[in-house]
Structure formats: structure tokens, C-alpha cells
Amino acid sequence: MYQIILAALELAGTAAQTYATIQAGKAQQEALERRAEEEKFAAQTEELKRQEQLNAINAANIVALSNSGIKAEGTPSSIALETSKILGESTGVNIVNLRNRLRTLKTQGELAKQSGYIEGASLLMRDAEQIGSDITTLMS
């Protein structure tokens with residue numbers, strides 16, 4: 001009878017370990033999702049700063065040109081347009097990079113959760129097999 005109680009306690013311990021393993025996988029997934037949100041917010045903030053800087057530079061250039069008597073046509077205008085185009089392209093690259101990072105973090109989170117389930121199930125099966133073997137031995 002004593003061995004059956006020990007086997008039941010061992011099974012309860014295994015169940016607790018399995019639960020903890022699954023919860024750890026879920027917690028890791030949640031942490032990675034929070035990190036993705038933080039990175040997204042940081043990238044949006046950085047992009048807003050870049051746009052403000054571009055607007056300030058363009059405004060300063062327009063003021064400087066008008067103060068010097070140069071009309072914002074021809075070469076000065078085309079330089080400003082080209083600068084805006086280059087900055088816009090780099091913004092597009094930054095957006096693609098951000099999306100890739102966010103997708104990677106989401107995938108890592110999903111894999112962490114799945115890993116928790118797999119490790120938990122593996123632990124449960126391994127220990128259940130051992131406990132079953134122990135009980136069979138006790139019954140014979």
C-alpha cells in the first residue's frame with residue numbers, strides 16, 4: 001500500500017512539473033509578444049522623429065533659400081525632392097525590417113509555447129511509463 005501512495009505522489013509531482021513546463025512555454029511566448037509590441041512602438045516613435053527632422057530640414061532649406069533670394073525651383077527643388085525620396089526609401093526599408101523582426105519574435109513565441117507542450121507531454125509520458133512499471137511490479 002505504501003508503494004502505491006508513493007507512486008501516486010510521484011505521478012502528482014510529474015503532473016505538477018508538466019504543468020510548470022507548459023506554463024513556462026506560455027510565459028516565454030507572452031514575453032516575446034510584449035517585446036515585439038515594444039519594438040513596434042519604438043520603431044513608430046523613431047519614424048515619427050525622422051519625419052519631424054525631415055520636415056524641419058525641408059522648412060529650414062526653404063527659409064534659407066527664400067532669405068537668400070533663390071527661388072525654390074530647379075536644382076534646389078530637385079535636391080530637396082531627391083533627399084525626401086531617399087529618406088522615404090530608407091523608411092520603407094526600416095518598415096520591412098521591423099515587420100521581419102516582429103514576425104520572427106512572434107514565431108519564436110509560438111515555438112516556445114509548442115516546446116513547452118512537447119516537453120510537458122514528454123515528461124508526463126516518461127514518468128507515467130515508469131510509474132506504471134513500478135505499479136505492475138508491486139502488483140505481482
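Visitor: What relative accessible area does arginine 50 have?
Guide: Arginine 50 counts as partly exposed, a class lying between buried (under 20% relative accessible area) and exposed (over 50%), with a 1.4 Å probe and protein chains only. The model is predicted: local features need pLDDT of at least 70, side-chain atom pairs count only at pLDDT 80 or more, and totals for chains, interfaces and linings use all residues. Residues are numbered from 1 along each chain as its sequence is written, and side-chain values use heavy atoms, leaving out hydrogens and water. The value for arginine 50 is 22%.

Visitor: Which residue forms a salt bridge with arginine 50?
Guide: A salt bridge needs a side-chain nitrogen of Lys or Arg within 4 Å of a carboxyl oxygen of Asp or Glu; here the closest N and O atoms are 3.4 Å apart. Both residues lie in helix H1, three residues apart, about one turn of the helix; helices (H or I, at least four residues) are DSSP runs numbered from the N terminus. The partner is glutamate 47.

Visitor: How many residues apart are arginine 101 and glutamate 39?
Guide: Their side chains meet in a salt bridge of 2.8 Å, N to O. This pair links distant parts of the chain, arginine 101 being in helix H2 and glutamate 39 in helix H1. Their separation is 62 residues.

Visitor: Which residues are linked in a network of salt bridges?
Guide: Glutamate 39 bridges to arginine 35 at 3.4 Å, N to O. Those two are four residues apart in helix H1, so about one helical turn separates them. Glutamate 39 also bridges to arginine 101. The network is made of Arg35, Glu39 and Arg101.

Visitor: Which residues form the nonpolar surface patch?
Guide: Patch residues have over 30% relative accessible area and no salt bridge; like charges are joined within 9 Å, and nonpolar side chains (Val, Leu, Ile, Met, Phe, Trp, Tyr) within 5 Å. Together the members have about 440 Å² of accessible area, by the Shrake-Rupley method with a 1.4 Å probe and only the protein chains shown as cover. One of them, leucine 9, is exposed at 56% relative accessibility. The members are Tyr2, Ile5, Leu6 and Leu9.

Visitor: Which residue has a polar contact with aspartate 127?
Guide: Aspartate 127 is in helix H2 (residues 75-139) and counts as buried because its relative accessibility is 12%. A polar contact pairs N or O atoms within 3.5 Å; within protein, one must be able to donate a hydrogen and the other to accept it, and residues adjacent in sequence count only through side-chain atoms on both sides. At 2.9 Å, the side-chain partner is arginine 126.
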